[in-house]
Amino acid sequence: MELRKDPITRSWVITGDDVVEPAVPSGPCIFCGPAAQPLQVIANLPGTGGSPWSARSVVHPQAIYHIEGESARRGDGLYDRMGSVGAHEVLLENPRHDGHIWNVSDGDVEQFLRLGAQRIQDLKRDSRFKYVSLFKNHGADAGQEFEHPTSQLTATTFVPRRVLYELRAGRDYFEGKERCVFCDIIAQEERQNLRVLEARGDYIALCPYAPRVPYETWILPRTHEAAFERTALLRGSNVTDLATLLRHTLQRIRAVTHAFHLVLHTSPNSLHPSEALGYWKTLDDDYHWHVEILPILTSKARSYTFKETYYSPVTSETAVKRLRDAKL
């Protein structure tokens, strides 16, 4: 496997010949119970109620990125390519096989969030890694890999294209107004109260003004912070409110569909900033971490057809009304 860069879109694609796609595991769970397989455990958070752990990080059984070696980026004519150096972990959200984020306690969700923050913080200490992604694919239509409640984490030697778009937009907005665009969005949404789904403590859930898919929902901190891990690991921070809001939001989403993509957008690795790019110079001022949830409605497949100009047959205002009415 290697990474190749599209010179037009500037996005990196991982590819390889004769790579066997891992089959979705069937039968007993490989992460829990008597059928559990030997795993390379990276980190544990202590358990409660007799469980040896509450949240756990393990190396992905079929990892796409590997921690060993150097990326060895090189030219291939006008193209760029490099090795698939990075990290690929599975975050076990709960020791219970049925312990999903939306049906466990706020304390359980908080433990998962703190583990994710710890792993991001740890991987950012590696100067090779420019970005750490935390994401969850739930449902067959979303590409769910495991039956056990899991999210995944990847550390890469590049910043994903979508995050680069946000970095550029945030920097440009800050240069013109000396304010964070995300903070201004939150202020306007709270003032208008047309697309706010729920606010709890220092966090807010809203449907964005221009959704890419029906019922797209974002969760953001109401106070400015660029890095998720700083928020989650700050002594005295109220991560319980974030856990509750995330749990409620997924309960609402599941009233519409069971399949969704969830991804955390946090700041790039500013411990080892790029010398060539300027996005890191005002990063702490102009970027704002957030969680994006993109539901998948199979009856609305058209929503996923037009990738450059997104199409959503449900406005954010209507989506909020329907999601607010969902039973929690």
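Start at Thr 257. Thr 257 is buried, at 11% relative accessible area. Buried means under 20% relative accessible area, exposed over 50%, and partly exposed in between, using a 1.4 Å probe and protein chains only. The model is predicted: local features need pLDDT of at least 70, side-chain atom pairs count only at pLDDT 80 or more, and totals for chains, interfaces and linings use all residues. Residues are numbered from 1 along each chain as its sequence is written, and side-chain values use heavy atoms, with hydrogens and water left out.

Stay on Thr 257. This residue sits in the loop between α5 (239-254) and β13 (260-265). Helices (H or I, at least four residues) and strands (E, at least two) are DSSP runs, numbered from the N terminus. Show the side chain of Thr 257: one of its polar atoms lies 3.3 Å from the backbone nitrogen of Ala 259. Leaving aside neighbours within four places in sequence, Thr 257 is in contact (heavy atoms within 4.5 Å) with Pro 295, Ile 296 and Leu 297.

Next, select strand β12, residues 217-221. Five of its five residues are buried, so the strand is largely enclosed by the rest of the structure. Thr 217, Ile 219 and Pro 221 point one way; Trp 218 and Leu 220 point the other way. In a regular strand the side chains alternate between the two faces of the sheet.

Strands pair if DSSP finds at least two bridges between them. Strand β11 (residues 203-206) runs antiparallel to β12, joined by four bridges. Look for Tyr 203 opposite Pro 221. Strand β14 (residues 290-295) is also antiparallel to β12, with three bridges. Here Ile 219 has Val 291 as its bridge partner.

Now the cores. A nonpolar core is a set of buried Ala, Val, Leu, Ile, Met, Phe, Trp, Tyr and Cys residues joined through side-chain atoms within 4.5 Å. The largest has 47 residues; Leu 113, Ile 219, Phe 228, Leu 246, Leu 250 and Ile 293 touch the most other members. Another core, of 18 residues, lies apart from it and includes Tyr 131, Leu 164, Leu 206 and Trp 218.

Finish with two loops. Most residues other than glycine have a negative phi. Select Glu 178, between α2 (161-177) and α3 (181-192). Its phi is positive, near 55 degrees, and Glu 178 is exposed at 65% relative accessible area. Then go to Asn 193, between α3 and β10 (196-200). Asn 193 also has a positive phi, about 55 degrees, and is partly exposed at 43%.

How values were computed: A polar contact is a pair of N or O atoms within 3.5 Å; within protein, one must be able to donate a hydrogen and the other to accept it, and residues adjacent in sequence count only if both atoms are side-chain atoms.
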